[in-house]
Each structure stands twice: as structure tokens, then as C-alpha cells.
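Follow along with the model on your screen.

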Amino acid sequence: MKLYLAPVQGITTACFRGVFAARAGGIDRYFSPFVSAAKTHAVQSSLLKDIFPERQGALSLVPQILGNDGAAFVMFARVI
């Protein structure tokens with residue numbers, strides 16, 4: 001059985017995920033809070049930094065991207 005950790009906006013940050021993995025462990029994949037690809041200029045830099053692969057260490061994080069513009073989605077996915 002695989003266990004996934006769902007996001008809670010403002011709580012399940014990279015720091016939380018790292019501490020949770022160190023203390024409890026057992027999670028196969030972590031999911032980030034949703035980030036809008038349509039408003040990339042309005043996305044908080046702290047949220048972007050939180051989903052960058054460098055911040056995850058050995059954890060498997062799935063960024064959740066929302067949007068209705070394919071080009072913006074692809075551009076945003078390439079950034080992260």
C-alpha cells in the first residue's frame with residue numbers, strides 16, 4: 001500500500017514535510033498546495049521556493065499546478 005500526504009495550505013511547507021519525514025516517515029509521496037500557472041507573476045516567491053526540487057531532499061513531491069492556458073502551464077512547469 002502506498003501512502004500520500006495531501007497538502008494543507010500554509011501548513012505543509014518544505015520544513016513541515018522534512019520534519020514529518022524525519023519523525024514519522026512512511027510517506028511515499030507528498031503533494032504541494034495548488035499553485036496557479038495563470039498568475040505566475042502574482043505567486044509568492046516563498047511558495048515557489050517551497051516547491052523547488054532543491055528544497056525537497058530525498059522526498060518525492062508532486063507540485064499541483066492549476067491553469068487553463070497550456071503555454072503558461074508548460075512555462076511554469078519548466079520553471080519548477
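**Entry 1: the sheet**

I began with the strands and found an open sheet of three, in the order β1-β2-β3, with parallel pairing. Helices (H or I, at least four residues) and strands (E, at least two) are DSSP runs, numbered from the N terminus. Two strands count as paired if DSSP finds at least two bridges between them. The edge strands are β1 and β3 (61-66), and each pairs on one side only. I then looked at β1 and β2, which run parallel and are joined by two bridges. For L5, I noted Y30 as the bridge partner in β2. A reminder to myself: strands of a sheet pair through backbone hydrogen bonds, either parallel or antiparallel.

**Entry 2: ground rules and confidence**

This is a predicted model, where local features need pLDDT of at least 70 and side-chain atom pairs count only at pLDDT 80 or more, while totals for chains, interfaces and linings use all residues. Residues are numbered from 1 along each chain as its sequence is written, and side-chain values use heavy atoms, with hydrogens and water left out.

I checked pLDDT, the predictor's confidence in each residue, from 0 to 100. The protein has a mean pLDDT of 83, and 90% of its residues reach 70 or more. Which element has the lowest confidence, and which the highest? The lowest is α2, at a mean of 74, and the highest is β1, at 94. I keep in mind that where pLDDT is low, the predicted coordinates should not be read in detail.

**Entry 3: aromatic pairs**

Next I looked for rings of Phe, Tyr and Trp (its six-membered ring) that pair, with centres within 6.5 Å; planes under 30 degrees apart count as stacked, over 60 as edge-to-face and the rest as tilted. By this rule I have two aromatic pairs. One is Y4 with F31, edge-to-face, at 5.7 Å centre to centre and 70° between the planes. Y4 lies in strand β1 (residues 4-5) and F31 in strand β2 (residues 29-36), so this pair ties together parts that are 27 residues apart in sequence.

I also looked up accessibility (buried means under 20% relative accessible area, exposed over 50%, partly exposed in between; 1.4 Å probe, protein chains only). Y4 is partly exposed at 48%, and F31 is partly exposed at 22%.

F16 and F20 form a stacked pair, 5.9 Å centre to centre with 25° between the planes. Both lie in helix α1 (residues 14-23), four residues apart, about one turn of the helix. F16 is partly exposed, at 31%, and F20 is partly exposed too, at 27%.

**Entry 4: the nonpolar core**

I looked for nonpolar cores, each a set of buried Ala, Val, Leu, Ile, Met, Phe, Trp, Tyr and Cys residues joined through side-chain atoms within 4.5 Å. The largest has twelve residues, including L5, Y30, L48, I51, L61, I65 and I80. β2, α2 (45-51) and β3 each supply at least two residues of this core. Which element gives the most? It is α2, with three residues.

I picked I80 and listed its contacts (heavy atoms within 4.5 Å). Leaving aside neighbours within four places in sequence, I80 touches L48, I51, F52, P53, P63 and I65.

Beyond its neighbours within four places in sequence, S32 contacts P7, I51, L61, V62, P63 and Q64.

R17 lies in helix α1 and is buried, at 1%. A polar atom of the R17 side chain lies 2.6 Å from the backbone oxygen of T12. With neighbours within four places in sequence left out, R17 has contacts that include T12, Y30, D50 and L61.

**Entry 5: the loop between α2 and β3**

A58 sits in this loop and is exposed, at 83%. A58 and R29 are 29 residues apart in sequence and 11 Å apart in space, C-alpha to C-alpha.

S60 is in the loop as well, and is partly exposed at 27%. Leaving aside neighbours within four places in sequence, S60 is in contact with D28, R29 and Y30. The side chains of S60 and R29 are joined by a polar contact of 3.2 Å. A polar contact is a pair of N or O atoms within 3.5 Å; within protein, one must be able to donate a hydrogen and the other to accept it, and residues adjacent in sequence count only if both atoms are side-chain atoms.
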